[in-house]
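Here are my notes on the structure. Please keep it open while you read, and find each residue as its name comes up.

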Amino acid sequence: MSTAKPSKPVVLIAEELSPATVDALGPDFEIRHCNGADRAELIPAVADVDAILVRSATKVDAEAIAAARRLKVVARAGVGLDNVDVAAATKAGVMVVNAPTSNIVTAAELACGLIVATARNIPQANTALKNGEWKRSKYTGVELSEKTLGVVGLGRIGVLVAQRMSAFRMKTVAYDPYVQPARAAQMGVKLLSLDELLTVSDFITVHLPKTPETLGLIGDEALHKVKPEVRIVNAARGGIVDEAALASALKEGRVAGAGLDVYATEPCTDSPLFEFDQVVATPHLGASTGEAQEKAGIAVAKSVRLALAGELVPDAVNVQGGVIAEDARPALPLAEKLGRIFTALAGEVAVRLDVEVYGEITQHDVKVLELSALKGVFEDVVAETVSYVNAPLFAQERGVEVRLTTSSESPDHRNVVTVRGTLSDGQEVSISGTLAGPKHQQKIVAVGEHDIDLALADHMAVLRYSDRPGVVGTLGRVLGEAGINIAGMQVSRSTAGGEALVALTVDDSIPATVMSEIAVEIDATSARAVNLTD
């Protein structure tokens, strides 16, 4: 079997996605397909792929991630990530992305449909009529106008539901501890405590994420506080409404009806709730429109393109950097190289690491530069692949305290990035760089307390010694005898005869034996070679 690396990055589409998804990926990738729900097919299929695109049926767990040795990104064409082991992906340096806004309109419209359906018994009446039964009186409903709608969770979908149901002249109240009353008031929504909402609402619609805090939130205790004519809709996440408690409330007449699209265990084809005629049930259709699936596919395809190009992705759920400002983007490779140079100069992992960013660039969010520097710091320290995803994890595992410092003041350069670390013996090592000119040339501007001006290169060396004549000549001679050409050199000294530092760039890497020879000949107090090639 051939082990040759594919000429293009490989993207595995493990479930049926819209044709627009493939179109959005473009021609730069080798596209493969498999049935991700079939483990026997999935595990061998992921062996040499760079990205996996899934919906909800494929479980990208620790086993699948371990089998995918080249994997860089897992993309879920939808909102939830229940089928992706985010922790395992993070540890492996694999970016996880989803499409958080792709289905908000679709989900909101379904919730509105369930509200209307439960109010007017539309599905039940439809079924009866198609079965030859004309039951007008049995399916008498209630008007929505002037009724109180209780929205539990005033996030993006909750807001859309409230806006749409206002057209029915419903009065809206909401429970959401993370929304300010003034913000809710701007939308014409009154914030209440959960107990107050349960007491006054004629319809309750749930729009919360599923967390340990929200699981079972609408349970037996809550359902003893509601009006007997209340109708409850859950098109968010299964388990937020306790299904057993809801069944008891319906049986005892404490709840008039329910509209459900999600369930604690899915797929769900047998539930006590299905026995109640006043329950409208759908099989998790919240994101099931052609428009939502196309939006999700296109969104994650764009994220995959960014991720495989080495970019950060705004919709990455396990990366701290967020959206990258265009003005900050050119500094990413600079910060990463400074991190690698820092490690070469330090020769060990720092106890504390400071990433300092100064200048005009700090008008933007530069958290991403901290990530980039960390990526560089650990690039040559650990055996695993280091990415924007797992670099903070490596720091945490090694007990490295990491801080980001920013200031708009930068007296000598438009922008400066410094990676500064305190080592275990208390010694401080730092390296500073900037981007010069319209082409953003990467330059080192300081090593520790020594100011220099040297273009960054793949092969470099930094030496400290006591200032005296002849050192530069000795450097040139030893390197020349080794067949290594000097491309650039900068010498800095604190005082005449004091400590001096020489930083030089060369055309090829300097062997350890040559560095040792130089260190002996110039009596260097420190001699470090830097190699930035992969």
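1. Start with a term. A helix axis here is a line fitted to the C-alpha atoms over the stretch in contact, and the angle is taken between N-to-C directions. Keep in mind that this is a predicted model.

2. Now look at helix α5 (residues 104-120) and helix α7 (residues 156-165). Their axes come within 9 Å and cross at roughly 50°.

3. Sorted by class, the contact of α5 with α7 has eleven nonpolar and three charged residues, and no polar ones.

4. Stay with α7. Its buried residues are Gly158, Val159, Leu160, Val161, Ala162 and Met165. What covers them? The cover includes α5, along with the strands β6 (148-152), β7 (171-175) and β9 (203-206).

5. Next, the nonpolar cores. In soluble globular proteins, nonpolar side chains tend to be buried together. The largest nonpolar core here has 73 residues. Within this core, Met95, Val304, Ile341, Phe342 and Leu369 touch the most other members. Helix α13 (residues 331-346) gives the core its largest share, nine residues.

6. Take Ile341 as a case. Leaving out residues up to four places away in sequence, Ile341 touches Ile431, Ile444, Leu456, Met460, Val530 and Leu532. Another core, of 30 residues, lies apart from the largest one. Its members include Ile218, Ala245, Ala249 and Tyr263.

7. Check the backbone too. Where is the cis peptide bond? It joins Glu266 and Pro267, with omega about 0°. Pro267 sits in the loop between β11 (257-260) and β12 (279-281).

8. Asn121 has a phi near 55°, a positive value in a residue other than glycine. Asn121 lies in the loop between α5 and α6 (122-130). His284 also is not a glycine, and its phi is positive, about 50°. His284 is found in the loop between β12 and α12 (290-308).

9. Are these two buried or partly exposed? Asn121 has a relative accessible area of 10%, under the 20% cut-off, so Asn121 is buried. His284 has a relative accessible area of 31%, so His284 is partly exposed.

Methods
Residues numbered from 1 in each chain as written. Predicted model: local features only at pLDDT ≥ 70, side-chain atom pairs only at ≥ 80, totals over all residues. Heavy atoms only, no water. Core = buried A, V, L, I, M, F, W, Y, C linked by side-chain atoms within 4.5 Å. Buried < 20%, exposed > 50% of the residue type's maximum accessible area, 1.4 Å probe, protein only. Helix = DSSP H or I, 4+ residues; strand = E, 2+ residues; numbered from the N terminus. Contact = heavy atoms within 4.5 Å. Axes fitted to C-alpha atoms, helices over the stretch in contact; angles between N-to-C directions. Nonpolar A, V, L, I, M, F, W, Y, C, P; charged D, E, K, R; others polar.
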